[in-house]
Amino acid sequence: MPGRTFRSPADFNTQLADWLPIANSRVVRRIGGRPIDLVSVDTAAMLSLPPVPALTAAYSQIRLPRDYYVRVHGNDYSVDPWAIGHLVEVAADLRQVSVTREGRVLAEHERRWSRGLTVTDPLHVKSAARLREQFQQPMPAAAGEDRLMRDLGDYDRAFGVEFPCTASCNDDWVQ
């Protein structure tokens, strides 16, 4: 298929359907005939299909990185950023890329057939902005809440650290 370009699997199938009648009517020396005449011989030799359909999707499980994108077949697809740092399941078939976590759908994108593309859902960008804003503005402490402060000497005693007092030590500094 050198020199041909395809926009999608459907475009590939259309071009293939146009080309197959021409190719199958040619005599092929290696098989000793025209493929169109030998299809019935091949069909008779085939076994029946198994009762369970074959899996045609690619499945993987990854930890969602901080940029909230997953890479599938050379393209990056956005995912709902609330799952950053969690394991997510990625499934890619011929038409769709989907990302789930514990049964919840985090992303569904139409599969892209080019490479090096970044596919972003605007809802994921809004969710990331909201999460970023919440992170940058932590919840203030409630009024009247006791703020516990640990004496740093507790750590010295816990780790067995002793500071020898020199002549420059004064009694009100050392407690």
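In the predicted model, Glu89 has Thr100 of β5 as its bridge partner, and a further partner in β5, Val97, is assigned to Ala92. These pairs belong to the contact between strand β4 (residues 87-92) and strand β5 (residues 96-101), which run antiparallel and share 4 bridges; strands here are DSSP runs of E with at least two residues, numbered from the N terminus, and two of them count as paired if DSSP finds at least two bridges between them. A hairpin of 3 residues leads from β4 to β5. Residues are numbered from 1 along each chain as its sequence is written, and side-chain values rest on heavy atoms, with hydrogens and water left out. Because this is a predicted model, local features need pLDDT of at least 70 and side-chain atom pairs count only at pLDDT 80 or more, whereas totals for chains, interfaces and linings use all residues.

Taken together, 4 strands make up an open antiparallel sheet in the order β1-β4-β5-β6. Since β1 (58-63) and β6 (104-110) stand at the edges and each has a single partner strand, one side of each is left without a neighbour in the sheet. From one strand to the next, the twist averages 20 degrees, with axes taken as lines fitted to C-alpha atoms and angles running from 0 to 180 degrees between N-to-C directions.

Across the whole structure, 7 salt bridges are found, a salt bridge being a side-chain nitrogen of Lys or Arg within 4 Å of a carboxyl oxygen of Asp or Glu. Glu102 is exposed at 68% relative accessibility, while Arg101 is buried at 16%; buried means under 20% relative accessible area, exposed over 50%, and partly exposed in between (1.4 Å probe, protein chains only).

A second salt bridge joins Asp76 to Arg71, with the closest N and O atoms 2.7 Å apart; here Asp76 is buried, with a relative accessible area of 17%, and Arg71 is exposed at 59%. Arg34 and Asp37 also form a salt bridge, at 3.0 Å between the closest N and O atoms, and Arg34 is partly exposed at 32%, as is Asp37 at 44%. Finally, Asp151, Asp154 and Arg157 are linked in a network of salt bridges.
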